[in-house]
Amino acid sequence: MWSRIKPKKMYLNIFLYSCIVVSLLTLVFTMFLSQQFVRNAIDEMDKSNQEKMKQVIKTSEFTLQKLRQFALRVYSDESIALWMNMEKNDYSPLVLNKAATSVREFMSSEPFIHGIYLINFNIDQIYTSESSIYSTQDFYDQIMLNYIKGQKTPYLQYVNHEVDGESYLALVVPAAGPNQNYQGFVAILFSKPLLNENMLQISEEDQNKIYIEGKNKEFILGNTDSALTKALMEMDKPAAEPNWKWKSGNETWSIQSERLPIEGWNVYHLSPISLWQAKVTKIRIEIIGSSVFLLLALLLFLFWQSYRSLKPISDLALQIKSKLGKEHPVMQTMNTNNEMAWIHSGFHSLVEKIEQLDLSIKSSKALVKDDFLRQWILNSKSSKPIEEFIRIQTQILSTGWFRMAIIRLESFGRFDEHYDFASRKLLRFAMGNIMAEVLANHGYAAETVDFGSDHIVALISSPALEGDMAQAIGAMEDVRVQIRQWLKLEVHAAVSSVLDVEENLPIIYSQLYELTLMRFINDEDRVFTSEDLERYERGKDSDLDEALLKQVIHSVQLKNEKALEGYFDQLTLHMQELSYEECKLQLTHIIYSIMKNFKNHTTFHGMKSIHSFLEQFVTLGEVKSWIYQEMLQIIDRHGKKNVSSRKEEVAVEMIEYVRNHLHNPMLSVDDVADHVSISVNYARQIFKDHFHCSLSDFITNQRIEHAIKLLTTTDWTVADITEQSGFQTKSTFFSTFKRATGMTPNQYRMEKT
């Protein structure tokens with residue numbers, strides 16, 4: 001059953017299993033997280049309630065003791081005590097006046113006091129804080145008088161007291177013991193709302209409730225409503241349990257209890273379970289919703305990753321299957337639909353071929369030959385040892401005459417983005433092999449040289465006949481066709497006229513490379529020759545300020561947008577006064593120069609001809625705006641590339657370029673930076689970060705190592721070795737070599753041999 005519904009494609013299969021695993025993990029994690037949160041929420045609520053209860057007990061004990069001491073201060077006040085102990089024979093209004101003044105002062109100093117009674121049974125008078133005097137018979141608070149007469153406790157005890165329907169907390173001083181007879185008393189009424197607010201720090205709107213119960217189960221203090229208070233007074237409370245649950249009506253309460261030791265009161269903290277359950281439920285829903293959203297996002301990401309990363313593997317397996325054919329051994333096994341089995345088999349065959357290819361690449365003879373050919377092309381003066389080597393080891397000079405040809409990749413920026421360093425090198429190697437094989441099929445002995453960039457150079461043995469040019473052009477056209485067919489790459493080609501060993505090859509090489517760029521200007525799809533370059537040079541407009549154009553290019557390289565804007569405005573300011581054809585020619589030259597200097601970027605991909613491309617613009621301002629925006633994009637892409645993960649690849653390319661151009665005495669850090677299209681300072685920084693030495697020191701060290709190799713493996717003269725190692729003068733070579741090895745070149749050769 002499962003085998004029928006299981007997808008056949010590997011990426012869909014992996015996506016399905018990933019969905020199941022991720023969904024189960026997300027479900028388990030969500031349930032675990034939800035349960036943990038509920039448990040922690042309950043623990044936190046209980047902990048918070050316990051802390052609240054401890055704070056209430058501590059604050060209540062402190063406040064009640066303070067008020068008790070305050071009552072003693074009132075009672076012991078000299079003026080008040082004098083009035084309360086006064087007899088009828090000693091009665092004096094002045095004494096009463098002083099006592100009233102003291103009462104007002106005490107009232108103003110303690111905000112909890114609602115009222116004070118001064119009672120003197122000797123003179124049968126009661127003075128209240130309202131500045132009223134009553135006799136014991138007409139006093140409105142007879143309940144208080146009865147309590148004072150009937151109290152038997154030997155210590156100060158707070159009592160619940162009601163006056164005119166209002167409930168207060170009362171304290172009488174002194175406390176009347178069984179064997180004591182007092183005639184003067186101070187009764188103080190404390191405001192319960194103020195005690196709730198300041199001592200218990202609660203209000204009636206609080207969701208959590210506090211209920212303080214007296215010894216006779218009467219309500220003392222708290223913020224419970226009348227119905228809840230009545231229910232609490234009637235319930236039987238567990239004495240031994242400090243924490244329990246209690247259901248009242250539609251609400252279930254979590255109750256914690258403590259005892260005020262001095263007063264003998266029971267304090268209850270009531271927390272509605274529905275309150276935290278609602279919060280927990282809300283957060284639990286948010287957790288589940290977030291988990292569902294996260295799960296969907298993960299599933300989408302898994303599908304996208306499977307489609308982007310694994311679908312190409314499935315497609316690759318299908319291609320390998322079609323290439324290997326039905327007779328392959330994999331078809332004889334049970335894994336005919338196993339894509340990894342096909343990929344493994346295909347890569348096994350590929351590795352075998354690459355190993356064979358690698359053996360040929362690593363041939364020391366081939367490496368030496370490539371290096372000598374590269375030096376011969378780039379040196380303006382031919383070295384006798386190199387010339388002799390080329391005559392003996394190759395057939396280029398078999399007739400005494402030869403041609404130089406170049407093939408250049410179209411849209412190298414796109415090629416550079418789509419392939420990594422190793423793949424680019426392998427593809428250039430394949431291009432060189434195809435070029436050599438096709439030229440051999442046309443009767444030419446040829447050697448190809450890879451300069452590690454966007455082009456391959458070929459040196460072709462040729463008869464001393466200019467009439468042979470048509471055949472050479474045909475051979476190069478065939479090279480383009482074969483590369484397009486086998487490698488799916490578009491290349492442009494140029495071939496020189498017949499050359500001899502005395503020609504200045506660096507100039508020829510530079511001119512041929514310029515010719516491969518002609519397609520971009522005139523949209524002619526053919527093999528170019530030296531005559532095309534001469535025709536293009538004659539057609540250039542001489543009025544364009546080349547110095548300003550260099551400043552524009554330099555501003556882009558330095559990523560200086562402000563300088564770019566100024567130089568570009570100066571460069572194009574005069575174009576408004578030119579004719580249409582002259583203006584178009586100069587714009588073509590500007591675009592061509594930008595393309596030539598930034599060939600590694602994709603800015604001009606898809607543009608087959610500058611002339612035809614410029615036809616789409618209506619005004620000069622539109623063209624200028626487009627060119628300026630393209631240069632800003634080059635700066636932006638240039639910056640992004642420099643900070644990408646390709647730093648190491650750029651560093652390796654710099655090393656390869658140095659080794660390929662080591663014999664050039666004019667090789668500089670600027671040349672290396674220009675090759676990889678980054679600024680000089682940034683090239684130094686990348687190289688320093690990866691190899692822990694400066695780029696200039698590396699060039700010098702490579703020159704010394706190359707010189708040491710030549711000293712120990714050849715019998716060349718020191719002058720030839722100086723030239724082949726890239727030192728400008730013999731004295732510079734001697735001083736640098738001795739500083740590095742401690743010996744002169746001749747001493748080193750004698751010691752090693």
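This is a predicted model: local features need pLDDT of at least 70, side-chain atom pairs count only at pLDDT 80 or more; totals for chains, interfaces and linings use all residues.
UniProt, in an unreviewed entry, places the feature "transmembrane region" at residues 12–33 and 287–304.

- Residues 12–33, one of the spans that the UniProt record labels "transmembrane region", are 100% helix and 0% strand in the model.
- From end to end, the C-alpha atoms of residues 12–33 are 31 Å apart.
- The span 287–304, also labelled "transmembrane region" in the record, is likewise 100% helix and 0% strand, and its end C-alpha atoms lie 25 Å apart.

**A nonpolar patch on the surface**

- Which residues form a nonpolar patch on the surface? They are Y17, I20 and L24, and together they have about 280 Å² of accessible area.
- Y17 belongs to helix 2, which covers residues 10–76.
- With a relative accessible area of 38%, Y17 is partly exposed.

**Salt bridges**

- Side chains of opposite charge can pair when their charged atoms come close.
- The count for this model comes to 13 salt bridges.
- One of them joins the side chains of E447 and K369, at 3.1 Å from N to O. This pair links distant parts of the chain, with E447 in strand 13 (residues 446–450) and K369 in helix 10 (residues 364–378), 78 residues apart.
- E447 counts as buried because its relative accessibility is 16%, which is under the 20% cut-off.
- R526 is partly exposed at 26% relative accessible area, whereas D532 is buried at 4%.

**Q256, a buried polar side chain**

- Q256 sits in strand 10, residues 251–260.
- Is Q256 buried or exposed? Q256 is buried, because its relative accessible area is 6% and the cut-off for buried is under 20%.
- The side chain of Q256 reaches the backbone nitrogen of Q50 at 3.3 Å.
- Leaving out residues up to four places away in sequence, Q256 touches D46, N49, Q50, M53, P242, N243, V267, Y268 and H269.

- D500 is in the loop between strand 15 (491–495) and helix 15 (505–515).
- This aspartate is partly exposed, with a relative accessible area of 23%.
- A polar atom of the D500 side chain lies 2.9 Å from the backbone nitrogen of E502.
- Which residues is D500 in contact with, leaving aside neighbours within four places in sequence? The contacts are G400, W401 and F402.
- D500 and F402 are 98 residues apart in sequence, but their C-alpha atoms are 6.4 Å apart in space.

**Backbone details**

- V173 and P174 are joined by a cis peptide bond, with omega about 0°. P174 is in the loop between strand 5 (166–173) and strand 6 (184–191).
- S131 has a positive phi, near 70°, in a residue other than glycine. S131 lies in the loop between strand 2 (125–128) and strand 3 (133–135), and it counts as partly exposed at 46% relative accessibility.
- Q201 also has a positive phi, near 55°. Q201 is found in the loop between helix 6 (192–199) and strand 7 (209–213), and it is partly exposed, with a relative accessible area of 47%.

Note on methods. Residues are numbered from 1 along each chain as its sequence is written. Side-chain values use heavy atoms; hydrogens and water are left out. Helices (H or I, at least four residues) and strands (E, at least two) are DSSP runs, numbered from the N terminus. Buried means under 20% relative accessible area, exposed over 50%, partly exposed in between (1.4 Å probe, protein chains only). Contact means heavy atoms within 4.5 Å. A polar contact is a pair of N or O atoms within 3.5 Å; within protein, one must be able to donate a hydrogen and the other to accept it, and residues adjacent in sequence count only if both atoms are side-chain atoms. UniProt positions are given in the numbering used here, feature names are shortened, and annotations may be inferred rather than shown by experiment. Patches are made of residues with over 30% relative accessible area and no salt bridge: like charges are joined within 9 Å, nonpolar side chains (Val, Leu, Ile, Met, Phe, Trp, Tyr) within 5 Å. Accessible areas come from the Shrake-Rupley method with a 1.4 Å probe; for residues, only the protein chains shown count as cover. A salt bridge is a side-chain nitrogen of Lys or Arg within 4 Å of a carboxyl oxygen of Asp or Glu.
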